[in-house]
Amino acid sequence: METQEEKIEKYARMAAPAVVAVGLGGAGCNVITWVKEKGIVGGKLVAVNTDATHLRITKADRRILIGEKLTRGLGSGGYPEVGEKALYETANEVVHELSRANIVFMVAGLGGGTGTGAIVGLADVLRKKCAGSPTSPLIVGVVTLPFEVETARMAAAKRGLNRLKAVCDTVVVIDNNRLVKVAGNLPFREALGVANTTVGKFVKGVTETITTASLINMDYADLKAIMSDSGLASIGIGEGSGETRVEQAVEKALNGRLLDIEDVTKAKGLLIHVSGGEDLTLSEVNRAAEIMKRSLPPNAKIIWGARVDAELQGAVSVMAVVTGVESAFLRKNEKRLGPIKFHR
Ligand SMILES: Nc1nc2c(ncn2[C@@H]2O[C@H](COP(=O)(O)OP(=O)(O)OP(=O)(O)O)[C@@H](O)[C@H]2O)c(=O)[nH]1
Ligand SMILES: [Mg+2]
């Protein structure tokens, strides 16, 4: 029989908005490990891979080996078709973990086999399963684009992103090349670490501002308003300290956008997330929002949330997510690509 403690835990969990973050493939799983190690309040972390060796070192609340029959736990060998088929083979188990979710974040590094194929497959399965349902979750892809040195992976990444765009509500895109520049031209390995941190911060920041009491709560309905059917989104993160910390952080977040976007004046919405040490004030949060508003069209919807993060002693960190934008990445060499063929 259920104990009182178990009942309290069960019903408390049922009352909170449910957020699930799913990492797919190596990069996706590494981001999930980062978030798991930092801790996340109010979100479940699921790791999905075809690669058993990598899953074994991944930290998550649930780990799922997909495509057991197809790949024997050995990875997809860089083929998105294999990653996608692997997802379909084990789709029920993955979908089961998402059955109560209001928001699903799907995280992957585009360009490889498992992440690129499985993220598209999962979004597609979820879309079809939830079609027409009033309780269908918000499906948000969070992906990185390959480094320039990974030339062979660019075409796969582009194909993946185009398909993903069609099946997600929003795809937040981080171009690894811009990330490296913003972070100060880091070596490859360190750059991957920064990419994991950035994607992880986004997932953790948005989740916690929605699921837990914060300085300013972000509302699920508001999030839905700017993220439903919104195409691509670009993200920028900036930090500041000292007297002008808010201005510095906002400026960095706006100028250090991690995706090359084409016309910010067409943006649909802006999500601003401010975090700071115990000394963060509401007037600082308002100031950050005011400065940001000026760079967007007047009809863009703006939502914001703010949280105190004890780790940020004296500093302020601002994250700006602009939704409904187009990316130059998808246009480059568009004509040279043949028709996209995926097999089920
Ligand atoms: N953020 C981040 N990106 C990574 C990491 N490792 C690789 N990437 C990027 O993500 C892309 C996909 O790599 P993986 O995630 O390793 O590939 P996969 O999805 O596991 O696919 P297969 O191994 O081919 O089945 C790479 O081309 C890199 O651009 C990582 O640890 N963190
Ligand atoms: Mg892999």
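Student: Is Glu97 buried or exposed?
Tutor: This is a predicted model: local features need pLDDT of at least 70, side-chain atom pairs count only at pLDDT 80 or more, and totals for chains, interfaces and linings use all residues. Residues are numbered from 1 along each chain as its sequence is written, chains are lettered from A and ligands numbered from 1 in the order in which they are written, and side-chain values use heavy atoms, leaving out hydrogens and water. Buried means under 20% relative accessible area, exposed over 50%, and partly exposed in between (1.4 Å probe, protein chains only). Glu97 has a relative accessible area of 13%, so Glu97 is buried.

Student: Which residue forms a salt bridge with Glu97?
Tutor: A salt bridge needs a side-chain nitrogen of Lys or Arg within 4 Å of a carboxyl oxygen of Asp or Glu. Here the closest N and O atoms are 2.8 Å apart. The partner of Glu97 is Lys44.

Student: How many residues apart in sequence are the parts that Glu97 and Lys44 tie together?
Tutor: Helices (H or I, at least four residues) and strands (E, at least two) are DSSP runs, numbered from the N terminus. Glu97 sits in helix 6 (residues 91-97) and Lys44 in strand 2 (residues 43-49). Lys44 is partly exposed, at 25% relative accessibility. The sequence separation is 53 residues.

Student: Where does Arg163 find its salt-bridge partner?
Tutor: The closest N and O atoms of this pair lie 2.9 Å apart, and the partner is Glu84. Arg163 is partly exposed at 22%. At 2%, by contrast, the buried member is Glu84.

Student: Which helices are linked by the salt bridge of Glu247 and Arg287?
Tutor: The side chains meet with an N to O distance of 2.9 Å.

Student: How exposed are Glu247 and Arg287, in relative accessible area?
Tutor: Glu247 is partly exposed, at 29%. Arg287 is partly exposed too, at 32%. That gives 29% for Glu247 and for Arg287 32%.

Student: Which residues are joined into one network by salt bridges that share partners?
Tutor: The whole structure holds 15 salt bridges. Some share partners, and one network forms from Lys44, Arg62 and Glu97.

Student: Why is strand 4 largely enclosed by the rest of the structure?
Tutor: In a regular strand the side chains alternate between the two faces of the sheet. In strand 4 (residues 103-109), Ile103, Phe105, Val107 and Gly109 point one way, Val104, Met106 and Ala108 the other, and all are buried. The strand is largely enclosed because the buried count is 7 of the 7 residues.

Student: Which strands pair with strand 4?
Tutor: Two strands pair if DSSP finds at least two bridges between them. Strand 1 (residues 19-24) pairs in the parallel sense over 5 bridges, with Val20 opposite Val104. Strand 5 (residues 138-145) is also parallel, over 7 bridges, and its Gly141 is the bridge partner of Met106. The partners are strand 1 and strand 5.

Student: What is the phi of Arg72?
Tutor: Most residues other than glycine have a negative phi. Arg72 lies in the loop between helix 4 (68-71) and helix 5, and is exposed at 60%. Its phi is positive, near 55°.

Student: Which residue places a polar side-chain atom 2.5 Å from a nitrogen atom of ligand 1?
Tutor: A polar contact within this site is a pair of N or O atoms within 3.5 Å. Gly78 has a backbone N or O atom 3.0 Å from an oxygen atom of ligand 1, and Gly113 has a polar backbone atom 2.9 Å from an oxygen atom of ligand 1. The side-chain contact to nitrogen comes from Asn196.

Definitions and conventions: A polar contact is a pair of N or O atoms within 3.5 Å; within protein, one must be able to donate a hydrogen and the other to accept it, and residues adjacent in sequence count only if both atoms are side-chain atoms.
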